[in-house]
Each structure stands twice: as C-alpha cells, then as structure tokens.
Amino acid sequence: MPRSSLPKPAPSPPAAPPAWFRLKRMFGLAAGGAAAPVMPHRQVPQFGPAADMPKVTDYALQHVIARSERATIYQATDRATGQLIALKTVRIGSAGGTDRGLWRERFLREAEAAARLKHDYIVAVHAGGVQGEGDAATGWLAMEWVHGTDMSRYASASRLLPEGVVVGICQRVALALDLAHRSGIVHRDIKPSNVLFDPTTGTVKVTDFGSARVADTAATRSGVMLGTPAYMAPEQLAGADATAQCDLYALGVLLFELLIGRRPFESDSMGDLLARIAHQDAPRVRELRPELPPLLDDVVARLLAKSPGLRQESARQVALELRLARQQCAAAEPGSAAADWPDTVSGDDPLHELTASSPFQGTIAS
C-alpha cells in the first residue's frame, strides 16, 4: 500500500483566549465545557524510515462528515494515539485513462503543498498518500480536527454575524492566504464552507487545499475548471491560470456574502451567472447596509474589481486594510466582542515566525 513520509504529530494542549468569553455569551454558549480545537503543529515534517511512515489503515473511521461526488470526509481517530482527526478520501480510480494519471499526480502534488503550510489559521495536514491501483486508487489526507462549524452557517441574511466579527474572520483568512501565496500556492476555492469558525474560542481555519496547487503553468490543462464558479474571478472563468489575485477575488465574494447574506452575483442559470460575473459591477455593500464603514465598502469593492490590477496587491495588504476596517467597527461599538478580538497584524503575528523561506523537509508520495 502506498504510504506517506509525514510523521504522525503528537497532540498539543488547547487554548481559549479569555477575550472570547463575550462571544460565548453572544452565541448563548456556556463559558466552559465547550471542546477546544486541536491547534496546528509547528514542527517541520522529517524524513523517516519507510516502516515508520503512516498509512491510511493507521486511522479508525467513525462516521461520515461530508460527501461529494468524488470526495468523502470522515471523523476518525489515530489508532496509536487516540487523537481525533479528519480523514479525507478522494476517488482517483473513477477517472479514466489519462485523466486518472492527472488526478493522481495532482492529488500527490497538492497534498505535499498543503503539508507545507503550518499556520494558526490553516488546517494542518498530518499525513497523506494514495492507496490502491487502477480503478481502486484512492487518495487520502489525515488533517487536524477542528471544532466549530463552517461559515456557510452564517452566510444567510437571517444568521449574519456582527460586522466586526466578519471582518476579523476574513482578516485571518487573508493572513492564511498570504502565507500560501508566498509559498507559491493558490487555494483556488475560497468560499464559506472552506472556512471553519469556532465562536467559543475565536478559532478561524482555512481548510480544503484539495483544490489548491503549486503555481505551475506547465501543469495547467485547458478545459479543466477547479473551484466553485460563483467565487471564481472573471479572468479565471475566461480560462486564465488561477493566481493569488483569483483568491483575493474569492475573498471579496466571501466577505460580501457574510456581510449581506447573499453573493454579489446569483442566477439560476450557469450561463447567466458567468455573464454577470464577467460583465456586471458588483453592488456596493453600503448600498445594501448603509451603516457599514466607508473603508470596508472600499475594501470589498476593490477585491471584487473585474481587473486583477485594480485589486489589492497582496493578501497581506488586504489583512492590513481589514484591520483598519475592524477598528472602525469596534470604535462604533465599544466593548463589543469585535472590539475584544486580538490584533493579528502586530509584531507577534505568526507570519513572522513561519515564512515561505522555511524549507519543507517531508514529502507525500505514492
């Protein structure tokens, strides 16, 4: 059975910042008793003897969390440590001929890329590989288990979070993307269901780099669309390679949706949706919610610009702008949960510890 050379990490102690007690009360949650998330492990994966490499049978499946046409995510436990994990499997054998080889190669490449990303706001990949051959080939990833829910829960008009909290969440997503982009990785599928949030601790995690890839134009295949069309940038829908600017556009759609309760462009027809994304200007968020700060309105509008050159230069710039917007939200409501949110763009920001220059010393192989 194919195996991965990423070692199984030891569990680390959970932590819950006191500043989040107000958020607990906001959501009607008890101050204690809620399980804390497993935090990402910061050690760099090391090479090890083949006999010590983890394999998919090292994990006991408990139940299905989510399922799509090609992928399934299970709650599972590490048989050796009892640690709770999320195990994702992807059916590679269902693709035929040349496509099967493409999917296998891409899965292994993206699994290794995802394992490089060690950051407080990114779901950690512990191990992965491909098991089986031919029609039975299945890719798998063992990832840290994160308590909470994905942001699709808060993407409807009846369940919107306070704007300061929304801005703080997207600020953290921008910081996660900054690390990925400086590592040469484009997520390609930023959307509410790929952002996890635990209001009891303030934990925010970007997940599912399964649609991500190392930026490599030689590996791009014409006619292959990766991502969710409603969150894809106009240039990406037109067939251009996915870039960091495409992730920024998707972040703009995410921010708009969490503030307004719907996406900037919606249609029952896929053709009409693509035409609107390509040719129509997105509504301004202050036209729909006049109480929002002008700076926030400007940040969202620039993220949703049709031309990549009109968007912010980097995800870090977006994070800095959202920091200022969050401060405006907090100033408008002193003592709110948003005002208590710890500042993530200060000198102790985790990006100063882990940069793209840190070498990746492990691998995921078939």
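Reader: Where does Thr-201 lie?
Author: This is a predicted model. In it, Thr-201 sits in the loop that joins strand 8 (195-198) to strand 9 (203-206).

Reader: Is Thr-201 buried or exposed, and why?
Author: Thr-201 counts as buried because its relative accessibility is 5%, and the cut-off for buried is under 20%.

Reader: How far is Thr-201 from His-147, C-alpha to C-alpha?
Author: Their C-alpha atoms are separated by 9.5 Å, while the two residues are 54 apart along the chain.

Reader: Another loop, then. Where is Arg-188?
Author: Arg-188 is in the loop between strand 7 (185-186) and strand 8.

Reader: What is phi of Arg-188?
Author: Phi is near 80° there, a positive value in a residue that is not glycine.

Reader: And is Arg-188 buried or exposed?
Author: Buried, because the relative accessible area of Arg-188 is 13%.

Reader: Let's step back. How many helices and strands does the protein have?
Author: The protein has 10 helices and 10 strands. It has 366 residues, and buried ones make up 50% of them.

Reader: What share of the contacts join residues at least 24 apart?
Author: Counting contacts between residues at least 6 apart in sequence, 70% join residues at least 24 apart.

Reader: What is the mean pLDDT?
Author: The mean is 76, and 69% of the residues reach 70 or more.

Reader: On to helix packing. What is the angle between helix 3 and helix 9?
Author: Helix 3 (residues 163-182) and helix 9 (residues 315-332) pack at about 165°, and their axes are 8 Å apart. The two helices are therefore roughly antiparallel. The crossing of helix 3 with helix 9 is left-handed.

Reader: Which residues make that contact between helix 3 and helix 9?
Author: On helix 3 they include Val-167, Cys-170, Ala-174 and Leu-177, and on helix 9 they include Val-318, Leu-322, Ala-325 and Cys-329. By type, the contact of helix 3 with helix 9 has 11 nonpolar, four polar and five charged residues.

Reader: How do helix 3 and helix 5 pack?
Author: They pack at an angle of about 165°, with axes 10 Å apart. Helix 3 and helix 5 are therefore roughly antiparallel. Helix 3 passes helix 5 in a right-handed crossing.

Reader: Which residues meet there, between helix 3 and helix 5?
Author: Among them are Val-166, Cys-170, Val-173 and Leu-177 in helix 3, and Leu-248, Leu-251, Leu-255 and Leu-258 in helix 5. This contact of helix 3 with helix 5 divides into 12 nonpolar residues, one polar and two charged.

Reader: What about helix 8 and helix 9, at what angle do they pack?
Author: Helix 8 (residues 294-303) and helix 9 pack at about 155°, and their axes are 8 Å apart. Helix 8 is therefore roughly antiparallel to helix 9. Their crossing is left-handed.

Reader: Which residues of helix 8 meet helix 9?
Author: Pro-294, Leu-295, Leu-296, Val-299, Arg-302 and Leu-303 do, and the helix 9 side includes Val-318, Glu-321 and Leu-322. The residues of this contact of helix 8 with helix 9 are nine nonpolar, two polar and two charged.

Reader: Is Glu-321 buried or exposed?
Author: Glu-321 lies in helix 9 and is buried, because its relative accessible area is 12%.

Reader: What does Glu-321 touch?
Author: Leaving out residues up to four places away in sequence, Glu-321 touches Leu-295, Val-299, Arg-302 and Gln-312.

Definitions and conventions: Residues are numbered from 1 along each chain as its sequence is written. This is a predicted model: local features need pLDDT of at least 70, side-chain atom pairs count only at pLDDT 80 or more; totals for chains, interfaces and linings use all residues. Side-chain values use heavy atoms; hydrogens and water are left out. pLDDT is the predictor's confidence in each residue, from 0 to 100. Helices (H or I, at least four residues) and strands (E, at least two) are DSSP runs, numbered from the N terminus. Buried means under 20% relative accessible area, exposed over 50%, partly exposed in between (1.4 Å probe, protein chains only). Axes are lines fitted to C-alpha atoms, for helices over the stretch in contact, and angles run from 0 to 180 degrees between N-to-C directions. Angles under 35 degrees count as roughly parallel, over 145 as roughly antiparallel, 65 to 115 as roughly perpendicular and the rest as oblique. A crossing is left-handed if the near helix is turned anticlockwise from the far one by less than a right angle, and right-handed if clockwise. Contact means heavy atoms within 4.5 Å. Ala, Val, Leu, Ile, Met, Phe, Trp, Tyr, Cys and Pro count as nonpolar, Asp, Glu, Lys and Arg as charged, and the others, Gly among them, as polar.
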